[in-house]
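This report describes a single protein model for a reader who is new to structural analysis. Please keep the sequence and the structure in view while reading.

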Amino acid sequence: MNPHITILTLGVDDLERAVAFYRDGLGFPTKGIIGNEFENGAVAFFDLQQGLKLALWPRKSLASDSGVALHPPSPTEISLGHNVSSPDEVDASMTRAGHAGATIVKPAQPTFYGGYAGYFQDPDGHLWEVAFNPGLAAL
């Protein structure tokens, strides 16, 4: 398998609320919700970087499509990392997320690896780490 990811899909409870958070709050570019005409088809895509998109899809639709039973969400199953170029950029990103409606679960602070990071949860509980890691390129 070629280790190439093209779409990260987050299951959400309220698609319109989630789109507003990522589009209006965090400034992620999107064409909005598409696929409303199909059962379990409503979805929103956001361009993250060349060749990588974030998809928001109702949890019930994801469960139906995958054949996996709908379970209560757990924020510690996965975290999404947003690495930035400085501690000041970490602080700015965390502030923006908080103003957008995120729950700051761990304020930005120095890390054990010599960096600086914090965590927030989006309105559906998905965990994001915003980090400055001066050694990331060498890993």
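## Serine 61 and helix H2

Serine 61 is buried, at a relative accessible area of 2%; buried means under 20% relative accessible area, exposed over 50%, and partly exposed in between (1.4 Å probe, protein chains only). This serine belongs to helix H2, residues 59-66. Helices (H or I, at least four residues) and strands (E, at least two) are DSSP runs, numbered from the N terminus. The side chain of serine 61 is joined to that of asparagine 40 by a polar contact of 3.2 Å. Such a contact is a pair of N or O atoms within 3.5 Å; within protein, one must be able to donate a hydrogen and the other to accept it, and residues adjacent in sequence count only if both atoms are side-chain atoms.

The model is predicted: local features need pLDDT of at least 70 and side-chain atom pairs count only at pLDDT 80 or more, while totals for chains, interfaces and linings use all residues. Residues are numbered from 1 along each chain as its sequence is written, and side-chain values use heavy atoms, with hydrogens and water left out.

## Helix H1

Helix H1 covers residues 15-25, and its buried residues are Leu15, Ala18, Val19, Phe21, Tyr22 and Gly25. An α-helix has 3.6 residues a turn, so residues three or four places apart point the same way.

At the start of H1, a side-chain oxygen of aspartate 14 comes within 3.2 Å of the backbone nitrogen of glutamate 16. After H1 comes glycine 27, with a positive phi near 80 degrees.

## The four-stranded sheet

An open sheet is formed by four strands in the order E1-E4-E3-E2, with mixed pairing; two strands pair if DSSP finds at least two bridges between them. Strand E1 (7-12) and strand E2 (30-34) stand at the edges with a single partner strand each, so one side of each has no neighbour in the sheet. From one strand to the next, the twist averages 20 degrees.

Strands E3 and E4 (residues 52-58) run antiparallel and are joined by five bridges. Phenylalanine 46 stands opposite leucine 54 in E4. Phenylalanine 45 also has its place in E3, residues 43-49, and is partly exposed at 31% relative accessible area.

## Salt bridges

How many salt bridges are there? The count is four, where a salt bridge is a side-chain nitrogen of Lys or Arg within 4 Å of a carboxyl oxygen of Asp or Glu. One of them links the side chains of arginine 59 and aspartate 13 (3.5 Å, N to O). Arginine 59 lies in helix H2 and aspartate 13 in the loop between E1 and H1, so this pair ties together parts that are 46 residues apart in sequence. Arginine 59 is buried, with a relative accessible area of 17%, whereas aspartate 13 counts as exposed at 54%.

Another salt bridge joins aspartate 124 to arginine 17, with the closest N and O atoms 3.0 Å apart. Aspartate 124 lies in the loop between strand E7 (116-121) and strand E8 (127-132), and arginine 17 lies in helix H1, so the pair ties together parts that are 107 residues apart in sequence. Aspartate 124 is buried at 9% relative accessible area, while arginine 17 is partly exposed at 36%. Lysine 53 and aspartate 47 also form a salt bridge, their closest N and O atoms being 2.3 Å apart.

Methods. Axes fitted to C-alpha atoms, helices over the stretch in contact; angles between N-to-C directions.
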